[in-house]
Every structure is written in structure tokens, then in C-alpha cells.
Amino acid sequence: MSELIRQAQSALNAGNATAALQASQAAVQANPNDANAHYLAAAALRMAGRAGEALRILDFLNQRLPGQPDLINMTGLCRRDMGDAKGAIADFERVIALNPAHAPAMGNLAGLLAETEPEKAVPVFEKLAGLHPQSAEPLALAASVCLRLRDPERAKAFAARAVALAPDAMLVRSVEAGIALAEDDAGRARARLETVLPGAAGPVSQLTVAWGRLAEACDRLKDYPAAFAACQSANEIQRRDWDIRFAGYDGPRSLASAERLAQWFDANDPAPVDAAQLEGPAPVFQVGFPRSGTTLLEQMLGAHPDIETLEEQDAIGPVIRGVGDRREQLEKLGALTPDAINAMRRDYWRQARTEGPPQAGKVFVDKYPMNLAWLGPLMRVFPDAKIIFCLRDPRDCVLSAFQQRFAVNPEMYRMLKIDECARLYDTAMRAGQAALASSHAVPVHRLRYEDLIEDYRGQMTALFGFLGLDWHDDVAGYRERAAVQTIKTPSAPQVVKPLYKGAIGKWKNYRFALEPALPALAHWIERYGYEVS
């Protein structure tokens, strides 16, 4: 092993992506045929948040050295980082087919399935426990997945096996706290975590979940300063882990991107092409800042037999790529031809719905809250669309977004600090409102979360009328439908409960923590008719 290879490996083990990349690239230059040097360069690029570049190296290596489990596993990790869950799952499954005892690939598969198809994750964690019979980790992780699936009895069975192996491990205590919260015993949950978490080490995902559970326990116990401090700890851990990838990122879906869209559409109003020249149907875009009741509303909409919903899948990639968000790109928006727009529309439907556009008479609702910032481009590609604009007290929105454990992307990264979360709210709202102020705006139905909670039947009847539909009694059973579905967002536990008003005005309990956020929110609080004090 060359000295450069040793340096690269040592830097990777220490988490120093820059040093690892320098050493591995030097090793590649010294010996272009050294596959290990190329592999270490790919690992360093991935650690630096440059998964696309790493993937190109790995594709080259996989062609040279087909069927190598470690290479394929790293390829899957890069695909996962780039948001290609389907491709990553296929890679991990291929590794396991080549080597059924490849624990890293099995752990990666189980972790990704826990995020995307949790029911399928449980048996994979069980297999992983079989490979490591003295490890409590896969059992505790299986218990956490069962909690997400709202199956506390199965969670308790896995947790009991984990406790027998490592009763004081942070992850085991965390899942015990999760079970206590599911049983509405916040005091027990707090007791399991409060002493073990300060100074605890472990994977970032496990630490953030544990701190989040402690925050929830403290909130239920009405110890709001402790709850906010625990939430801050969770967010700081997560943010440090993602700084290298997102701190300077200014591409699509970033805060900088939303600012560019807000400024451009505030000053420009290009006319769309004649809708008669466009092909296929248009979706209904359900937008709003995260935590504004979008998941609750999506479940109510999806219970209607004439509505199909798409939950939290970023399907507008063809529009983002085809239109762009920089001035030199947006200035060409008014010159897009019907052929170019139709190509984007076809690509959108391929992304949103594998079967293609829905059949005539079916309303398709694309629920992705942060498409709010992209309404300007979307209205030019789909001038025949409709918009459902979800609103909630901005202070409750920002507080709740800050408190949640979202999968991290460029937008959610900004929600890990309360002042940046408020800036993102302000910027996304300015972009959305600039688009909706257009003389070419599409029909919009605004719905306040507070009104939906107060009178869901009346509010939903009005919304169905906007969509050209009548009320249907199946909508009243939305909770039963939600209970058997896998809901991707943190709202899953709330959606299956009866409607409740406890989350309205929750910001008042955290007034002490919201001071840095209020300057960015003040305009919207007043504009949307909420209490200013």
C-alpha cells in the first residue's frame, strides 16, 4: 500500500474529506491503474457532498471490476445521496444477492427502506440481527420502524430483545422513550433520555431522533425551554453533518434559488403560450410552507374517489431543468415554444405517475409544499393548472418546521435554524405571491389550517367545488384510510388522530425562542390576518 493510499484512508477515517480527496487524487495521478485510489477518491467526493462526481468514478470502476460488492454498495450510497432511492435499493439488493452476509449493504438497505417503504425494512433489520446476534442496534432500529408504522406491540417485542442485549445503550433508551411517548407517558420518556444524551456519541440519524424524542417529551410536560434546547441540540448535530453539502449550495431548491425566483417574478410577467396548443391534462399543485396542514389536507383529498394524490415526491424536475432559476434562463421563459413546453409536460407526467397522465375525470393533486417557490415557472408550463394554497399562522409554521426531523435536502437544511427557517418562509412566500400577482395567474384556492380544523366539512365542500367535484361520504373516513397508509412526512402520527385544536397558537409557548424569526414573519402575519401581538 502506497503512502498516499494510507494518507487517504486515514483522512477518510478521520472525516477529513479535503485531505482524503487531495491524497487519493494524488494517488490516482501517481498510478492511474490503481483501482483502490479511484475508489478512495470516490469515497472522498461523496464525503464532500459531491455524490454525482463520485458516481462517475464508480461507474468506471464497476465496468472494470464487475460484481464487486463493495463497489456496488458505494454506488448505492451515492445514488441515495442524490435522491435516487429506487436505484440505491436495487444496488443494495444486488450486493446482498452477491454476498448474503454483506452487513453494510444490508444495513444501508434497511435504513433506506425505513424511509421509503418501512414495512419492508422490518424483515431486513431482522436478517441483520441474525448476522449480528449480540448487537442491539438492528433490533432497536426495527422497533423504531414499528413505531412509525403505528404498531407499538411489535415495537415493544423488538425493544425487549434489544434491552436484553444492551439496556443502557443510547439507541435502546431512545426507542424505549419512543414507546413511552406512544403510550402517552412523557415523564418516562424524558427519564430514559435526559441523563444519557448529553455527550452521547453515535450515528447522526440516531442522535437526532433521540434528541427529538426528548424534545417531544419535554413539550408534553410543558417544559418549553427544555424542549426547545433539546430540539436545538438535534438540529445542530444534523446541521453539522450536512454543512459540507448544503452550506454553500445555491442551486435549485436552495434559499438562494427561491430568492432569485422571487426577485425575477416580482419584476417580470411573461405571458404563457395558448393552452389550446398544449398536450395532456394539468395537475392541481398543492403548495404552502411545510407544517401548514398539507399532509392532513392531502389525506382528506385522497379519500375522495375522484382524486388521486402524489405525496411529497419532487416531480417537477423537468420544469426545474427546462426553465431554470437564474436570470439568463428566466429571460427565455416567454420565448419557450409549445413543443418545448409539451416536452416538459410529458416528462413531468413520467416523473409524477409511471402510468402516465390520469384518466379523464380524475383530479390529480401534486402535493409538494415547497413548489410554492416555483409557481412562476409552473404556471407557464401548466397555464391550465389549479393551485391549492395552504396557509397557517407563520409562527406556528416556522416553529413546527424547526421542531421536525425532516429528511435533509437544500430546503429542509435551512429549517434547522429558527432564523433561517423564517428567512426561507419569507422568501418562498415572496416567490409564490409574486407569481400569483401575475395577470396570467391560474385559479387559486386558499385554505387556512385553522379554518379546516374548525369546520372541515364546510371547508372541504368548498374546495371540492373549486376542483369541480361534489362532497363524497368517503372523505369522512380519511383517518381510517390514513391509518393503513405509509405517510412519508412527520405528520403521520397526527393525521390519524381526530381533529384537534391543540396545535393552533402553539407558538405562544415558545415566544421566548421566536424572537430571531419575527422580523422575517411580521409582514406575513399581518397579511394573512393573524393576531399580531
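This is a predicted model: local features need pLDDT of at least 70, side-chain atom pairs count only at pLDDT 80 or more; totals for chains, interfaces and linings use all residues.
Reader: Okay, why is S257 called buried?

Author: S257 has a relative accessible area of 1%. The cut-off is under 20%, so S257 counts as buried. You'll find S257 in helix α15, residues 255-267.

Reader: And what does S257 touch?

Author: Leaving out residues up to four places away in sequence, S257 touches D250, G251, P252, D325 and W374.

Reader: How do you know that R291 counts as buried?

Author: R291 comes out at 14% relative accessibility, so it falls under the 20% cut-off and counts as buried. R291 sits in the loop between β1 and α16 (294-302).

Reader: What makes the phi of R291 worth a look?

Author: The phi of R291 is positive, about 75°, although this residue is not a glycine. Most residues other than glycine have a negative phi. R150 is another case, with a positive phi near 60° in a residue other than glycine.

Reader: Is R150 called buried, exposed or partly exposed, and why?

Author: Partly exposed, because its relative accessible area is 28%. R150 belongs to the loop between α9 (137-148) and α10 (152-165).

Reader: Let's go to helix α19. How do you know how its reach compares with the expected one?

Author: Helix α19 covers residues 338-352, which is 15 residues. From its first C-alpha to its last it reaches 21 Å, close to the 21 Å expected at 1.5 Å a residue.

Reader: What makes you say the buried residues of α19 line one face?

Author: The buried residues of α19 are I341, N342, M344, R345, Y348, W349 and A352. Seen down the helix axis, they fall within an arc of 160°, so they line one face of α19. The face turned away from that buried side carries the exposed residues D339 and R350.

Reader: What do the buried residues of α19 pack against?

Author: They pack against β1 (284-287), β2 (307-311), α17 (317-323), β3 (363-367) and α20 (375-381). Y348 gives you a close-up: leaving aside neighbours within four places in sequence, its contacts include P283, F285, F364 and F382.

Reader: Which residues of the largest nonpolar core touch the most other members?

Author: Y348 is one of them; the others are F285, F289, Y425 and M429, in a core of 92 residues. The largest share of this core, eleven residues, comes from helix α23 (residues 418-436). There is also a second, separate core of 62 residues, which includes L71, C78, L128 and A140.

Reader: Why is β2 described as largely enclosed?

Author: Four of the five residues of β2 are buried, so the rest of the structure largely encloses this strand.

Reader: How do you know that β2 and β3 pair?

Author: Pairing takes at least two bridges, and five bridges join β2 to β3, so the two strands pair. They run parallel. One of the partners is V365 in β3, which is bridged to T309.

Reader: Why is L399 called buried?

Author: Its relative accessible area is 1%, under the 20% cut-off, so L399 is buried. L399 lies in helix α21 (residues 394-403). Not counting residues up to four places away in sequence, L399 touches I418, K506, W507, Y510 and L514. L399 and C421 are 22 residues apart in sequence and 8.6 Å apart in space, C-alpha to C-alpha.

Reader: Which residues of α6 are buried, and what do they pack against?

Author: In α6 (residues 85-98), the buried residues are G87, A88, I89, D91, F92, V95 and I96. They pack against α5 (69-81) and α7 (103-116).

Reader: Last one: why does L77 count as buried?

Author: L77 is at 10% relative accessibility, under the 20% cut-off, so it counts as buried. L77 is placed in helix α5. Residues up to four places away in sequence aside, L77 touches R46, F92 and N108.

Note on methods
Residues are numbered from 1 along each chain as its sequence is written. Side-chain values use heavy atoms; hydrogens and water are left out. The expected span of a helix is 1.5 Å times one less than its number of residues. Buried means under 20% relative accessible area, exposed over 50%, partly exposed in between (1.4 Å probe, protein chains only). The arc is that of the directions from the helix axis to the C-beta atoms. Contact means heavy atoms within 4.5 Å. A nonpolar core is a set of buried Ala, Val, Leu, Ile, Met, Phe, Trp, Tyr and Cys residues joined through side-chain atoms within 4.5 Å.
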